[in-house]
Amino acid sequence: MSKAKKAIISFNISKTELIYFHSKRTIIEEGLKLGDLEISPKPLVRWLEVFLDSKFTFKQYIEIKISKAKAVFYLIKRLGNI
C-alpha cells in the first residue's frame, strides 16, 4: 500500500508542482514519482498568488509585481490625459 493511500491523501496531478528549497548553487534535477507519473522540479512555482523560487530570494515575485504595478500606473496615467 502506498504512503498516500495509507495517510488518506489524494493528489490532483494536473495541479501538482514540485520545487526543492535549498541554498546550493547546483539545481536538483531529481523528480518525484506519484503512481505512474513523474513530476519534475521547477525553479519557480506559484502558491496563493506568491511566486516562490528555490532559494527564497523572491526576485521573480518582485519583478512580476513591479511589472504589474507599472502597467496599472500607465493605464491610470492615460486616463489622466483624457
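These legends go with a set of views of one predicted protein model.

The model is predicted, so local features need pLDDT of at least 70 and side-chain atom pairs count only at pLDDT 80 or more, while totals for chains, interfaces and linings use all residues. Residues are numbered from 1 along each chain as its sequence is written, and side-chain values use heavy atoms, with hydrogens and water left out.

View 1. Start with the parts list: two helices and four strands, running α-β-β-β-β-α from the N terminus on. Helices (H or I, at least four residues) and strands (E, at least two) are DSSP runs, numbered from the N terminus. The C-alpha atoms fill a box of roughly 65 × 30 × 20 Å along the principal axes. The radius of gyration is 19 Å, whereas a compact globule of 82 residues would come in near 12 Å; this is taken over C-alpha atoms, and the globule rule is 2.2 Å times the number of residues to the power 0.38.

View 2. Buried residues make up 13% of the 82 residues, where buried means under 20% relative accessible area, exposed over 50%, and partly exposed in between (1.4 Å probe, protein chains only). The accessible surface comes to about 7600 Å², and carbon and sulfur atoms hold 60% of that; the areas come from the Shrake-Rupley method with a 1.4 Å probe, and for residues only the protein chains shown count as cover. Look for 16 positive and 8 negative side chains, with the centres of the two sets 7 Å apart. Lys and Arg count as positive and Asp and Glu as negative, with His and the chain ends not counted. Each charge is placed at NZ of Lys, CZ of Arg, CG of Asp or CD of Glu.

**View 3. E38 on strand 2.** E38 sits in strand 2, which covers residues 37–39. This Glu counts as exposed because its relative accessibility is 56%. Setting aside neighbours within four places in sequence, E38 is in contact with G31, L32 and K33; contact here means heavy atoms within 4.5 Å. I13 is 25 residues from E38 in sequence, and their C-alpha atoms are 9.8 Å apart.

View 4. S54 counts as buried because its relative accessible area is 16%. Not counting residues up to four places away in sequence, S54 touches I19, Y20, F21, H22 and P43. From S54 to L44 is ten residues in sequence and 6.8 Å in space, C-alpha to C-alpha.

View 5. K70 is eleven residues from K59 in sequence, at 16 Å C-alpha to C-alpha. The structure holds one aromatic pair. The rings of F73 and Y74 have centres 5.4 Å apart and planes at 65 degrees, so the pair is edge-to-face. Rings of Phe, Tyr and Trp (its six-membered ring) pair if their centres lie within 6.5 Å; planes under 30 degrees apart count as stacked, over 60 as edge-to-face and the rest as tilted. Y74 is partly exposed, at 48% relative accessibility.
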